[in-house]
Amino acid sequence: MLDEILDRSLVGYTALGYRWRSHPRITNDLTGRVAIVTGATSGLGRQTASELARLGASVVLVGRNPGKTEAVAESIRRETGNPKLSCEIADLSEMEQVRALAGRVHAPVHILVNNAGVLRPERSETLEGFETSFATNLLGHFLLTNLLIDKLEAPARIVNVSSGGMYTQRVRVNDLQMKRGRYDGTVAYARAKRGQVILTELWAEALAERGVVVHSMHPGWADTPGVSDSLPRFYRLTKPLLRTPAEGADTIVWLCASDEAGQSTGQFWHDRKPRPTHRFRGTRETQAERESLWTELTKLSGWSGSLSGLARAS
Ligand SMILES: NC(=O)c1ccc[n+]([C@@H]2O[C@H](COP(=O)([O-])OP(=O)(O)OC[C@H]3O[C@@H](n4cnc5c(N)ncnc54)[C@H](OP(=O)(O)O)[C@@H]3O)[C@@H](O)[C@H]2O)c1
C-alpha cells in the first residue's frame, strides 16, 4: 500500500523510494554469460555494464565514441578485475550502423540491455532523416533486437530501459516522429518510451517458446549526465533527491541476473516489482495500434522479418 502511494506521489522515483524499498546486493554468478549493453559509456548503462562485469559476465559495451567507450571499458576492467570486456561502436540512431553492429556481434548472446537513450529539447533529424529521439530510443533498438534474436542462446533476457515519463503518453502511430504541430522533446521522448513498453509485450509473446524473456523497466530519477544535460531545470530542483546511478541501475541488473526475473516475461518493472503500464485514462493503445506500431517500425527500419517469424528459431 505504502509502496503504491510512493509511486503515485512520485516520491517512489527518488532516492527516498529506492532506500525505503532497500534491496539486497545482487550476487548471481554470470560467468559464461555474454551481455550486450547499449549506451554503456555513461550513467545507468555504464553502471549496468560494470555490475554485470562484477558478476562475471563477458560484457560488450556499445558506444558511439570509440575513445570514450574504450576508456569506460578499461576503467570497468580495473574496477571489477574482469578482463572480459569488449567494445562495439555504433550510433544507434542510424539504421545502417545498427545493421553493421548486429552483423559484427557473435553468437551466443545471453543478455541484451537496450539502454541508450536521449531527450532532445529541439527537434533534430539523423543523417537518414529520422527524428533523433524516435530513432535512438525506439527505432534503433527495435532493429538491433530483431537482428540479434537468432544470436540469443536460451535462457536469454532482453531488458528495455524505458522511463516513468511514458505514463503520460499514448503511442501515436500516425505521427511517430512528431512532424505535426509544435515539437516537445519531453513528449517525443515519452512516446518513444511508451513504444518500448509495447514492443516488450510483443516480443515477450513471440519469444516465449525460444526461452527468451523480455522485460521493460523504469529506473526512477537518477543523477546522470542524461538528466543534468537534457533537463537542467528539473535537475537543479530535484538534485538532492535523485538516485545514484547504482540505485537507478539496480533493477536493470536484477532483471538481467536474478533467478526471479527469469520466471516471467513481458512486464514493466520498477524497483524489482512489476508495475502497471498505464496510470492515466487515454494512454491505452488498441490492438490495432500495437500492430500498426510494429508494421511502421518494420517499414521505417528496413527490417525484413516479421513478428510471427520471430517465434521460429532459424
Ligand atoms: N537517469 C534517469 O533518471 C532516467 C530516468 C528514466 C529513464 N532513463 C533512461 O535510462 C537510459 C540511460 O539514461 P542515463 O540517464 O544513463 O543517460 P546518459 O547518462 O545520457 O546515458 C545515455 C547513454 O546513451 C548513449 N547514446 C545516446 N544517444 C546515442 C546514440 N545515438 N547512439 C548510441 N548511443 C547513444 C550515450 O552515449 P554518449 O556517452 O556517447 O553520449 C550514453 O552512453 C536512457 O534510456 C534513459 O532514457 C533514465
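**Around the ligand**

Author: Sorted by class, the shell around the ligand holds 12 nonpolar, 13 polar and 4 charged residues. (Nonpolar covers Ala, Val, Leu, Ile, Met, Phe, Trp, Tyr, Cys and Pro; charged covers Asp, Glu, Lys and Arg; the others, Gly among them, are polar.) This is a predicted model, where local features need pLDDT of at least 70 and side-chain atom pairs pLDDT 80 or more, while totals for chains, interfaces and linings use all residues. Residues are numbered from 1 along each chain as its sequence is written, and side-chain values use heavy atoms, without hydrogens or water.

The shell has 29 residues. (A residue belongs if one of its heavy atoms lies within 4 Å.) T41, S42, K68, Y189 and T224 are the closest. Helices α3 (43-54), α7 (185-207) and α8 (225-230) each give at least two residues to the shell. The largest share, 3 residues, is from α8. (Helices, H or I of at least four residues, and strands, E of at least two, are DSSP runs numbered from the N terminus.)

Now the polar contacts (N or O pairs within 3.5 Å; within protein, one atom must be able to donate a hydrogen and the other to accept it, and sequence neighbours count only if both atoms are side-chain atoms). A ligand oxygen is 2.8 Å from a side-chain N or O atom of R64. Backbone takes part too. A polar backbone atom of L44 is 2.8 Å from a ligand oxygen, and one of A222 is 2.7 Å from a ligand oxygen. The protein covers 91% of the 890 Å² of accessible area that the ligand has on its own. (Areas are Shrake-Rupley, with a 1.4 Å probe.)

Next, helix α6. Of its 17 residues, 16 are buried, so α6 is largely enclosed by the rest of the structure. (Buried means under 20% relative accessible area, exposed over 50%, partly exposed in between.) E131 caps the N-terminal end of α6, with a side-chain oxygen 3.1 Å from the backbone nitrogen of S133.

Now the backbone. Most residues other than glycine have a negative phi, and most peptide bonds are trans. D271 has a positive phi of about 45 degrees. D271 sits in the loop between β7 (268-270) and β8 (273-275). At 2% relative accessibility, D271 is buried. L10 has a phi near 75 degrees, but L10 is partly exposed at 37%.

Two peptide bonds are cis. One joins A107 and P108, with omega about 0 degrees. Another joins A154 and P155, with omega about -5 degrees. P108 is in the loop between α5 (95-104) and β4 (109-114), whereas P155 lies in strand β5 (152-161).

Note on methods: Buried < 20%, exposed > 50% of the residue type's maximum accessible area, 1.4 Å probe, protein only.
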